[in-house]
Amino acid sequence: MDTETPNAKIFTARLAEMHKKSVSPNGKYGFHITTYNGNLPQDCTWTDTWEECYRNNLKRMFDLEEEARGSDDDFKKIRDTVLDKAVTRLLRPLESEGRSIKPCLVHGDLWSGNTGTDLGTGEPIVFDASAMYAHNEYEVRTMRANRRFFGRSYLKSYHDNYSISEPVEEHNARLALYGIWSALNWSALYPDNPQYRQTVLDAMNEVLRMIADGF
């Protein structure tokens, strides 16, 4: 296996294909067992809506991060606003007013360190998953910024194969919302590094600024 980052065009085409072809066994979001990101358990409770599923999993990660680092009133206030308002504001429109999305099987922790290329076939490989059935855009949150060796060229290539969900104009804000989960995960895994807590705060405040007129 070649551990270099897979070719963007091939990798994103295969990823989109997996998302499109996957079928939730009960039509719900979640997973039949608890899956882990590092040593941190996800909340994979089956739910009828993606809004509920993501809120449950985000709350679990908030709880784990605060268990590792502690909390304060200011942090809790921002956290509660994200959970109670931002999640609803950005995710409910995906499945209302005639819009719909499907639960897709996602890897769940997709970054370059969990990918490679089969030297025999040239096909991309992914491993070390924290799988669940989720909104497909949750998978590509790590492609929003040019970090961890993915970036917007991968995101564009992915959406050449899988269209952006409606409302299209809120795509970037949804990815930012999904990015809060990743920031919390890093902060919970590495509690001795103060930078990661600040990253969480920055991620939450970015989302709240993006939807400031939508509450």
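User: How many aromatic pairs does this predicted model have, and what makes two rings a pair?

Analyst: The count comes to 16 aromatic pairs. Ring centres have to lie within 6.5 Å to qualify.

User: Why is the Y54 and Y178 pair called edge-to-face?

Analyst: Their rings are 5.2 Å apart centre to centre, with 70° between the planes. The distance passes, since the cut-off is within 6.5 Å, and an angle over 60 degrees counts as edge-to-face. So 5.2 Å makes Y54 and Y178 a pair and 70° makes that pair edge-to-face.

User: What parts of the chain does that pair tie together?

Analyst: Y54 is in helix α2 (residues 50–69) and Y178 is in helix α6 (residues 171–189), so the contact ties together parts 124 residues apart in sequence.

User: Are Y54 and Y178 buried or exposed, and how do you know?

Analyst: Buried means under 20% relative accessible area. Y54 comes in at 1%, so Y54 is buried. Y178 is at 0%, so Y178 is buried as well.

User: Which residues do ring pairs link into a cluster?

Analyst: Y54 and Y178 are in there, along with Y29, W50, Y138 and W181.

User: What makes you say that R141 lies over the face of Y138?

Analyst: R141 is at 4.1 Å from the ring centre of Y138. For Arg, CZ must be within 6 Å of the centre and within 35 degrees of the ring normal. The 4.1 Å meets the distance part, and R141 is listed as lying over the face of Y138. K20 is another case: its charged end sits over the ring of Y162, 5.7 Å from the centre.

User: Moving to the second largest pocket, what lines it?

Analyst: There are 16 lining residues, and N37, D109, W111, N185 and L189 lie nearest the centre. Elements giving two or more residues to this lining are β1 (36–37) and α6. The largest share, 4 residues, comes from α6. By type, the lining divides into 6 nonpolar, 6 polar and 4 charged residues. The space in this pocket is about 240 Å³.

User: Which residues of helix α5 are buried, and what covers them?

Analyst: In α5 (residues 152–161), the buried residues are Y154, L155, S157, Y158 and H159. Their cover includes α1 (8–21), α4 (136–139) and α6.

User: How do you know that the E166 and P167 peptide bond is cis or trans?

Analyst: Omega is about 0°, and the bond is cis. That's worth a flag because most peptide bonds are trans. P167 is in the loop between α5 and α6.

User: What is the phi of E97, and what is that of D128?

Analyst: E97 has a positive phi of about 55° without being a glycine. D128 also has a positive phi of about 55° and is not a glycine.

User: Are E97 and D128 buried or exposed?

Analyst: Exposed means over 50%. E97 has a relative accessible area of 72%, so E97 is exposed. D128 is at 55%, so D128 counts as exposed too. E97 lies in the loop between α3 (73–91) and β3 (104–106), while D128 lies in the loop between β5 and β6.

Definitions and conventions
Residues numbered from 1 in each chain as written. Predicted model: local features only at pLDDT ≥ 70, side-chain atom pairs only at ≥ 80, totals over all residues. Heavy atoms only, no water. Phe/Tyr/Trp six-rings, centres within 6.5 Å; stacked < 30°, edge-to-face > 60°. Buried < 20%, exposed > 50% of the residue type's maximum accessible area, 1.4 Å probe, protein only. 1 Å grid on protein atoms, 1.4 Å probe; cavity = no way out; pocket = protein on both sides within 12 Å on 5 of 7 lines; lining within 4 Å. Points joined across faces, edges and corners; volume = space filled by probe spheres on them. Nonpolar A, V, L, I, M, F, W, Y, C, P; charged D, E, K, R; others polar. Contact = heavy atoms within 4.5 Å.
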